[in-house]
Amino acid sequence: MSQTPKAVGNYRWTICSLLFFATTINYLDRQVLSLTWSDFIAPEFHWTNNDYGNITALFSIFYAVSLLFAGKFVDWMDTKKGFLWAIGIWSIGACLHAFAGIATSGIITGNWFVGFEGAKEVIGTIEDTALVINVSVTLFIFARFVLAVGEAGNFPAAIKTTAEYFPKKDRAFSTSIFNAGATVGALAAPITIPFIAKSFGWEMSFIIIGALGFVWMGFWMFMYDKPENHPKVNAAELEYIQQDVTADSKIAGYVPETATRVTFKDCFRYKQTWAFAFGKFMTDGVWWFFLFWTPAYLSSVYDMDSTEAAFPLFVLYMITLLSIIGGWLPTYFVEKKGMNPYEGRMKAMLIFAFFPLLALVAQPLGHISYWLPVIIIGIAGAAHQAWSANIFTTVGDMFPKKAIATITGIGGLAGGIGSTVINKGSGVLFDYSKNTDMDFMGFHGIEAGYFIIFSICAVCYLIGWVVMKSLVPKYAPITDL
């Protein structure tokens with residue numbers, strides 16, 4: 001009598017759910033400032049758009065540089081410890097923001113022993129507003145630095161975990177699921193953070209949201225292990241997870257993966273590295289612009305406060321959840337159309353690159369109703385997250401597992417540089433356009449500034465795709481690293 005094959009287990013999806021919640025917390029933490037600065041923090045510390053732009057731009061720089069080393073750190077520490085260090089550090093950084101007011105009071109007046117409300121009263125009596133601005137901005141920059149150092153570990157660790165637990169054909173879909181945590185975090189933020197800030201003070205919004213990371217750490221410690229060592233991963237599931245080892249061994253020139261450590265010099269020898277890095281450079285800044293500046297856009301152009309903007313932002317990020325389709329589409333191309341994973345991914349990415357072109361008409365249509373740019377930004381955000389899920393998994397397609405976090409970090413550095421340029425440039429442009437009542441293609445003042453940035457965002461994906469395809473025109477996995 002033949003023995004019935006053992007059913008393939010599904011524990012890999014439990015691990016994927018942990019990555020989803022980590023990414024959700026990651027984006028909640030970075031959103032607290034964008035949803036509180038205009039209504040709560042700026043009036044207290046006298047900030048301008050340029051001050052906020054400086055903070056977000058420097059956060060992008062810190063995040064970018066940290067990504068370069070975070071990937072290397074995760075490869076060195078390995079997945080479990082690397083992820084614990086990352087979320088522990090960023091949770092501390094998230095909570096540190098709450099104490100900027102007390103520290104500003106202490107540095108300027110020497111009065112350190114005040115609570116959150118006491119700090120507001122002390123700062124309100126300081127006549128030198130420039131000093132208040134400089135000290136508070138510096139303190140927030142320090143908190144953003146700690147946050148950035150920790151948050152940089154999330155995606156290298158998550159992408160490495162995905163490569164450990166999923167075969168190549170499923171990685172885009174699993175990545176799109178955990179990457180949807182970015183959308184859910186952005187979705188949950190406007191319907192929670194402003195109301196926490198309004199009820200309990202902006203400081204408590206940083207503390208409450210920041211504490212979620214410490215809770216996640218407990219689950220990760222007890223639920224994660226390598227699939228080959230995990231008691232909840234049965235033999236059939238392990239065979240399914242490791243199916244690519246057999247397939248890759250048939251490629252000419254295949255060399256089995258070794259434990260030799262990978263250097264940055266090694267990584268930069270390959271066009272695949274440069275293709276991934278350029279794609280991230282061109283597109284990461286678009287998502288970060290929408291993430292950091294959409295609340296300010298609704299405030300500046302449509303005079304909404306943070307609570308009034310909560311529902312439009314909720315709808316916007318609900319639309320962004322459509323990005324999960326981005327993970328399914330390459331699997332369809334692979335399984336139904338017979339493409340290899342890289343071909344399927346690049347075809348899907350080309351499709352997604354056309355959707356952000358809608359941003360060209362976001363500001364013109366905004367004169368009809370603010371809902372039109374909200375919907376368009378949501379569609380562009382969904383396209384970005386779909387693109388992002390696929391560009392991340394091109395790393396797993398091309399590189400051995402030992403190099404995945406390092407390559408992800410290199411691409412993250414490039415993306416962070418792009419994000420820095422657009423965030424800093426946006427802050428300067430918005431203040432300039434507002435103060436000079438600038439005219440541009442029929443738009444006036446700050447609306448002209450937003451139209452310019454929306455137009456730049458619209459074309460970034462097509463440019464990124466063309467260069468990536470030129471550098472790596474066909475599937476070419478690295479077998480000699």
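Okay, so first thing: what we're looking at is a predicted model. By secondary structure we've got 21 helices and 2 strands. The C-alpha trace spans about 85 × 50 × 45 Å along its principal axes. Then there's the radius of gyration: a compact globule of 481 residues would come in near 23 Å, and the protein has 23 Å, so the two agree.

On contacts, take the pairs at least 6 apart in sequence: 83% of those join residues at least 24 apart. As for burial, 59% of the 481 residues count as buried.

Now, the core. The largest nonpolar core has 130 residues, and the ones touching the most other members are L33, I41, W47, F140, W216, F289 and Y450. Which helix gives the most to this core? That's α1, residues 11-45, with 18 residues. There's also a second, separate core of 6 residues, and L329, F333, F352 and A386 are among them.

L33 sits in helix α1, and with 0% relative accessibility it counts as buried, since the cut-off is under 20%. Leaving out residues up to four places away in sequence, L33 touches I41, W47, Y52, I55, F140, R144 and F206. W47, counted the same way, has a contact list that includes L33, I41, I55 and F140, along with W37, A42, I133, S136 and V137.

Which way does phi go at H46, positive or negative? It's positive, near 65°, and this is a residue other than glycine. H46 is in the loop between α1 and α2, the latter being residues 49-77. At 34% relative accessible area, H46 is partly exposed.

M441 is another non-glycine residue with a positive phi, near 50°. M441 lies in the loop between β1, residues 439-440, and β2, residues 443-444. With 64% relative accessibility, M441 counts as exposed.

Notes:
Residues are numbered from 1 along each chain as its sequence is written. This is a predicted model: local features need pLDDT of at least 70, side-chain atom pairs count only at pLDDT 80 or more; totals for chains, interfaces and linings use all residues. Side-chain values use heavy atoms; hydrogens and water are left out. Helices (H or I, at least four residues) and strands (E, at least two) are DSSP runs, numbered from the N terminus. The radius of gyration is taken over C-alpha atoms; the globule rule is 2.2 Å times the number of residues to the power 0.38. Buried means under 20% relative accessible area, exposed over 50%, partly exposed in between (1.4 Å probe, protein chains only). Contact means heavy atoms within 4.5 Å. A nonpolar core is a set of buried Ala, Val, Leu, Ile, Met, Phe, Trp, Tyr and Cys residues joined through side-chain atoms within 4.5 Å.
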